[in-house]
Amino acid sequence: MMADPHIGFVMAAYSIAAVVLAVMIGSVLLDYRRLRASLDKATHALDEARGGAGDARS
């Protein structure tokens with residue numbers, strides 16, 4: 001397989017694809033954490049505005 005003249009291109013393409021996928025997954029995870037923290041903060045503020053009566057659904 002190493003005798004294939006295009007093996008360098010194939011390996012580079014797969015490497016770049018792996019890096020792009022890793023960056024995309026990382027950015028989605030970071031955005032999820034940021035949005036979850038923001039939602040928790042908003043939920044806490046709503047609980048406080050309602051009088052701090054525990055669960056926001058009651």
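Leu29 sits in helix α1, which covers residues 7-49. The model is predicted. Its secondary structure amounts to one helix and zero strands.

Take the length of α1 next. The helix has 43 residues, and at 1.5 Å a residue they should span 63 Å. Just after α1 comes Gly51, with a positive phi of about 110°.

Now look at burial. The protein has 58 residues, and 3% of them count as buried. It exposes about 5300 Å². Carbon and sulfur atoms supply 69% of that area.

Leu29 also belongs to a surface feature. Together with Ile16, Val20, Leu21, Met24 and Ile25, Leu29 makes a nonpolar surface patch of about 600 Å².

Charge pairing comes next. Side chains of opposite charge can pair when their charged atoms come close. The count here is one salt bridge. Arg34 forms this contact with Asp31, and the closest N and O atoms are 2.6 Å apart. That distance meets the cut-off, because a salt bridge requires the nitrogen to lie within 4 Å of a carboxyl oxygen. Both residues lie in α1, three residues apart, so about one helical turn separates Arg34 and Asp31.

How accessible are the two partners? Arg34 has a relative accessible area of 52% and is exposed, because exposed means over 50%. Asp31 has 32% relative accessibility and counts as partly exposed, because that value falls between the 20% and 50% limits.

Technical notes
Residues are numbered from 1 along each chain as its sequence is written. This is a predicted model: local features need pLDDT of at least 70, side-chain atom pairs count only at pLDDT 80 or more; totals for chains, interfaces and linings use all residues. Side-chain values use heavy atoms; hydrogens and water are left out. Patches are made of residues with over 30% relative accessible area and no salt bridge: like charges are joined within 9 Å, nonpolar side chains (Val, Leu, Ile, Met, Phe, Trp, Tyr) within 5 Å. Accessible areas come from the Shrake-Rupley method with a 1.4 Å probe; for residues, only the protein chains shown count as cover. A salt bridge is a side-chain nitrogen of Lys or Arg within 4 Å of a carboxyl oxygen of Asp or Glu. Helices (H or I, at least four residues) and strands (E, at least two) are DSSP runs, numbered from the N terminus. Buried means under 20% relative accessible area, exposed over 50%, partly exposed in between (1.4 Å probe, protein chains only). The expected span of a helix is 1.5 Å times one less than its number of residues.
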